[in-house]
Amino acid sequence: MNISDMLVCPVCKEELLIEDNTFFCKKCGKKFVTREGIYDFLISGEDAWKYFQGGLFGNDKELEDKFLKTPDSELAPSDLLLKGLIYWYKGNFEAYEKIMNHPEGKNYYTEDYQKATQSSLDYTKNLLKKEKGIIMDLATGMGGLLTPLVKEYDMELLSVDISPTSSYGLSRYLKYLKKDHLVTQIVADAKLLPFK
(Lines give C-alpha, C1' and ligand atoms only; values in the text may rest on other atoms or scores of the structure.)
Protein backbone atom coordinates (compact mmCIF):
# COMPACT_ATOMS: atom_id res chain seq x y z
CA MET A 1 0.00 0.00 0.00
CA ASN A 2 1.47 3.34 -1.00
CA ILE A 3 0.37 5.87 1.59
CA SER A 4 2.87 8.64 0.84
CA ASP A 5 0.23 10.70 -1.00
CA MET A 6 -2.09 10.51 2.03
CA LEU A 7 0.44 11.71 4.60
CA VAL A 8 0.74 15.19 6.08
CA CYS A 9 2.42 16.59 9.15
CA PRO A 10 0.37 15.48 12.18
CA VAL A 11 1.14 18.79 13.92
CA CYS A 12 0.31 21.43 11.31
CA LYS A 13 -1.26 19.32 8.52
CA GLU A 14 1.16 20.66 5.92
CA GLU A 15 2.78 18.75 3.08
CA LEU A 16 5.73 16.46 3.81
CA LEU A 17 8.94 16.07 1.85
CA ILE A 18 10.35 12.54 1.69
CA GLU A 19 14.05 11.69 1.62
CA ASP A 20 15.74 8.40 2.63
CA ASN A 21 12.81 7.02 4.68
CA THR A 22 12.48 10.36 6.48
CA PHE A 23 9.55 12.77 6.24
CA PHE A 24 10.18 16.50 6.68
CA CYS A 25 7.44 19.06 7.24
CA LYS A 26 7.87 22.06 4.95
CA LYS A 27 6.12 24.39 7.40
CA CYS A 28 7.00 23.51 11.01
CA GLY A 29 10.24 21.62 10.34
CA LYS A 30 9.22 18.44 12.20
CA LYS A 31 11.00 15.27 11.11
CA PHE A 32 9.50 11.76 11.10
CA VAL A 33 11.29 8.52 10.28
CA THR A 34 10.50 5.03 9.03
CA ARG A 35 12.07 2.27 11.12
CA GLU A 36 11.91 -1.41 10.22
CA GLY A 37 9.20 -0.58 7.69
CA ILE A 38 7.02 1.22 10.28
CA TYR A 39 6.17 4.90 9.82
CA ASP A 40 6.83 6.73 13.10
CA PHE A 41 4.67 9.85 13.51
CA LEU A 42 4.56 9.86 17.32
CA ILE A 43 4.86 13.47 18.46
CA SER A 44 5.50 12.87 22.16
CA GLY A 45 8.23 10.35 21.48
CA GLU A 46 7.07 8.46 24.58
CA ASP A 47 6.07 4.83 24.33
CA ALA A 48 3.35 3.95 26.81
CA TRP A 49 4.26 0.28 26.37
CA LYS A 50 8.07 0.59 26.62
CA TYR A 51 7.92 -1.26 29.96
CA PHE A 52 7.28 -4.41 27.94
CA GLN A 53 10.46 -4.04 25.85
CA GLY A 54 12.16 -6.21 28.46
CA GLY A 55 9.27 -8.69 28.30
CA LEU A 56 5.80 -8.86 29.79
CA PHE A 57 7.16 -8.34 33.31
CA GLY A 58 9.79 -5.78 32.38
CA ASN A 59 13.08 -6.87 33.89
CA ASP A 60 11.59 -9.23 36.50
CA LYS A 61 13.19 -12.38 35.06
CA GLU A 62 12.41 -14.42 38.18
CA LEU A 63 8.66 -13.96 37.75
CA GLU A 64 8.89 -14.54 34.01
CA ASP A 65 10.86 -17.74 34.56
CA LYS A 66 8.19 -19.03 36.95
CA PHE A 67 5.64 -18.82 34.15
CA LEU A 68 7.91 -20.24 31.46
CA LYS A 69 9.23 -23.16 33.53
CA THR A 70 5.86 -24.22 34.94
CA PRO A 71 4.21 -26.92 32.79
CA ASP A 72 1.05 -25.71 31.03
CA SER A 73 -0.98 -28.40 32.79
CA GLU A 74 -0.17 -26.81 36.17
CA LEU A 75 -1.23 -23.29 35.21
CA ALA A 76 -4.68 -21.79 35.67
CA PRO A 77 -6.30 -20.47 32.46
CA SER A 78 -5.43 -16.85 33.31
CA ASP A 79 -1.79 -17.86 33.95
CA LEU A 80 -1.70 -19.71 30.62
CA LEU A 81 -2.88 -16.52 28.94
CA LEU A 82 -0.06 -14.56 30.62
CA LYS A 83 2.44 -17.22 29.56
CA GLY A 84 1.22 -16.85 25.98
CA LEU A 85 1.69 -13.08 26.18
CA ILE A 86 5.22 -13.54 27.51
CA TYR A 87 6.01 -15.63 24.45
CA TRP A 88 4.44 -13.01 22.16
CA TYR A 89 6.60 -10.20 23.57
CA LYS A 90 9.67 -12.44 23.30
CA GLY A 91 8.86 -13.13 19.64
CA ASN A 92 8.32 -16.87 20.19
CA PHE A 93 5.14 -16.97 18.15
CA GLU A 94 5.02 -20.73 17.74
CA ALA A 95 4.84 -21.13 21.55
CA TYR A 96 2.37 -18.22 21.74
CA GLU A 97 -0.01 -19.82 19.23
CA LYS A 98 0.29 -23.22 20.90
CA ILE A 99 -0.88 -21.69 24.19
CA MET A 100 -3.60 -19.58 22.58
CA ASN A 101 -4.93 -22.74 20.92
CA HIS A 102 -4.57 -24.80 24.11
CA PRO A 103 -7.64 -26.88 25.10
CA GLU A 104 -7.94 -24.72 28.23
CA GLY A 105 -8.15 -21.66 25.98
CA LYS A 106 -11.92 -21.74 26.15
CA ASN A 107 -11.55 -20.75 29.80
CA TYR A 108 -9.35 -17.68 29.27
CA TYR A 109 -12.46 -15.50 29.09
CA THR A 110 -16.08 -16.02 30.09
CA GLU A 111 -18.44 -17.61 27.58
CA ASP A 112 -20.44 -14.36 27.28
CA TYR A 113 -17.27 -12.42 26.54
CA GLN A 114 -16.18 -14.94 23.91
CA LYS A 115 -19.59 -14.89 22.21
CA ALA A 116 -19.68 -11.08 22.16
CA THR A 117 -16.15 -10.90 20.77
CA GLN A 118 -16.88 -13.46 18.05
CA SER A 119 -20.15 -11.72 17.15
CA SER A 120 -18.35 -8.35 16.81
CA LEU A 121 -15.59 -9.91 14.74
CA ASP A 122 -18.06 -11.66 12.42
CA TYR A 123 -20.05 -8.45 11.98
CA THR A 124 -16.88 -6.49 11.18
CA LYS A 125 -15.70 -9.13 8.70
CA ASN A 126 -19.02 -8.96 6.84
CA LEU A 127 -18.79 -5.16 6.62
CA LEU A 128 -15.21 -5.26 5.38
CA LYS A 129 -15.97 -7.78 2.62
CA LYS A 130 -17.87 -4.99 0.86
CA GLU A 131 -15.33 -2.23 1.54
CA LYS A 132 -13.42 -0.88 -1.46
CA GLY A 133 -11.39 1.87 0.23
CA ILE A 134 -8.51 1.78 2.66
CA ILE A 135 -9.28 -0.02 5.90
CA MET A 136 -7.59 1.35 9.00
CA ASP A 137 -7.36 -0.46 12.32
CA LEU A 138 -6.95 2.30 14.90
CA ALA A 139 -5.33 1.29 18.21
CA THR A 140 -4.19 -2.02 16.72
CA GLY A 141 -2.14 -3.11 19.74
CA MET A 142 -1.19 -6.78 19.40
CA GLY A 143 -3.54 -7.15 16.43
CA GLY A 144 -6.67 -8.61 18.01
CA LEU A 145 -8.83 -7.40 15.12
CA LEU A 146 -6.20 -7.14 12.41
CA THR A 147 -4.73 -10.63 12.76
CA PRO A 148 -7.95 -12.59 12.09
CA LEU A 149 -8.60 -10.35 9.09
CA VAL A 150 -5.22 -10.92 7.45
CA LYS A 151 -5.37 -14.64 8.25
CA GLU A 152 -8.76 -15.02 6.56
CA TYR A 153 -8.60 -12.47 3.73
CA ASP A 154 -5.85 -11.21 1.48
CA MET A 155 -6.78 -7.58 2.03
CA GLU A 156 -4.44 -4.67 2.61
CA LEU A 157 -4.87 -2.96 5.97
CA LEU A 158 -3.51 0.17 7.58
CA SER A 159 -2.50 -0.32 11.21
CA VAL A 160 -2.19 2.68 13.55
CA ASP A 161 -1.08 2.40 17.15
CA ILE A 162 0.49 4.78 19.67
CA SER A 163 3.06 2.23 20.88
CA PRO A 164 6.27 1.55 18.98
CA THR A 165 6.83 -1.52 21.20
CA SER A 166 3.47 -3.08 20.30
CA SER A 167 3.90 -2.10 16.66
CA TYR A 168 7.34 -3.73 16.36
CA GLY A 169 6.02 -6.83 18.12
CA LEU A 170 3.09 -6.97 15.70
CA SER A 171 5.45 -6.45 12.77
CA ARG A 172 7.47 -9.51 13.84
CA TYR A 173 4.26 -11.52 14.32
CA LEU A 174 2.99 -10.56 10.85
CA LYS A 175 6.32 -11.69 9.38
CA TYR A 176 5.94 -14.99 11.24
CA LEU A 177 2.45 -15.37 9.71
CA LYS A 178 3.85 -14.36 6.29
CA LYS A 179 1.21 -11.62 6.12
CA ASP A 180 3.43 -8.56 6.64
CA HIS A 181 3.06 -7.60 2.96
CA LEU A 182 -0.64 -6.90 3.61
CA VAL A 183 -0.20 -4.41 6.47
CA THR A 184 1.19 -0.88 6.49
CA GLN A 185 2.02 0.17 10.03
CA ILE A 186 2.04 3.68 11.47
CA VAL A 187 2.94 4.76 14.99
CA ALA A 188 0.88 7.83 15.84
CA ASP A 189 -1.44 9.36 18.43
CA ALA A 190 -5.10 9.08 17.40
CA LYS A 191 -5.47 12.79 18.26
CA LEU A 192 -2.71 13.71 15.81
CA LEU A 193 -3.07 11.41 12.82
CA PRO A 194 -0.74 12.14 9.88
CA PHE A 195 -3.39 11.97 7.17
CA LYS A 196 -4.91 14.51 4.80
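Visitor: What percentage of the 196 residues of the protein count as buried?

Guide: 43% of them count as buried. Buried means under 20% relative accessible area, exposed means over 50%, and partly exposed lies in between (1.4 Å probe, protein chains only). One caution on the source: this is a predicted model, where local features need pLDDT of at least 70, side-chain atom pairs count only at pLDDT 80 or more, and totals for chains, interfaces and linings use all residues. Residues are numbered from 1 along each chain as its sequence is written, and side-chain values use heavy atoms, with hydrogens and water left out.

Visitor: Okay. How many helices and strands are there?

Guide: Six helices and seven strands. Both are DSSP runs numbered from the N terminus: helices are H or I with at least four residues, strands are E with at least two. The order from the N terminus is β-β-β-β-α-α-α-α-β-α-β-α-β.

Visitor: And the strand order in the sheet?

Guide: β1-β2-β3-β4-β7-β6-β5, in an open sheet with mixed pairing. Two strands pair if DSSP finds at least two bridges between them. From one strand to the next, the twist averages 20°.

Visitor: Which strands stand at the edges?

Guide: β1 (16-19) and β5 (135-138). Each has a single partner strand, so one side of each lacks a neighbour in the sheet.

Visitor: How do β1 and β2 pair?

Guide: Antiparallel, over four bridges. Leu17 stands opposite Phe24 in β2. The two strands form a hairpin with two residues between them, and Asp20 in the turn has a positive phi of about 50°.

Visitor: What about β2 and β3?

Guide: Antiparallel too, over three bridges, with β2 covering residues 22-25. Phe23 has Phe32 as its bridge partner in β3. This hairpin has five residues between its strands, and Gly29 in the turn has a positive phi of about 80°.

Visitor: And β3 with β4?

Guide: Three bridges, antiparallel. Thr34 is opposite Tyr39 in β4. Two residues separate the strands in this hairpin, and Glu36 in the turn has a positive phi of about 50°.

Visitor: Where does the parallel pairing come in?

Guide: Between β6 (residues 157-161) and β7 (residues 183-187), over five bridges. Leu158 has Thr184 as its bridge partner in β7. Helix α6 packs on the sheet and touches β3 (31-35), β4 (38-40), β6 and β7. The direction of α6 makes about 165° with that of β7. Axes here are lines fitted to C-alpha atoms, for helices over the stretch in contact, and angles run from 0 to 180 degrees between N-to-C directions.

Visitor: Switching topic. How many residues are in the largest nonpolar core?

Guide: 25. A nonpolar core is a set of buried Ala, Val, Leu, Ile, Met, Phe, Trp, Tyr and Cys residues joined through side-chain atoms within 4.5 Å. Trp88, Leu146, Val150, Leu157 and Tyr173 have the most contacts inside it. At least two residues come from each of α2 (77-90), α3 (93-100), α5 (146-152) and α6 (164-177). α2 gives the most, with five.

Visitor: What does Tyr173 contact?

Guide: Beyond its neighbours within four places in sequence, Trp88, Phe93, Tyr96, Glu97, Thr147 and Lys151. Contact means heavy atoms within 4.5 Å. There is also a second, separate core of 15 residues, including Phe32, Phe41, Leu158 and Phe195.

Visitor: Which residues of α3 are buried?

Guide: Phe93, Ala95, Tyr96, Glu97 and Ile99. They pack against α2, α5 and α6.
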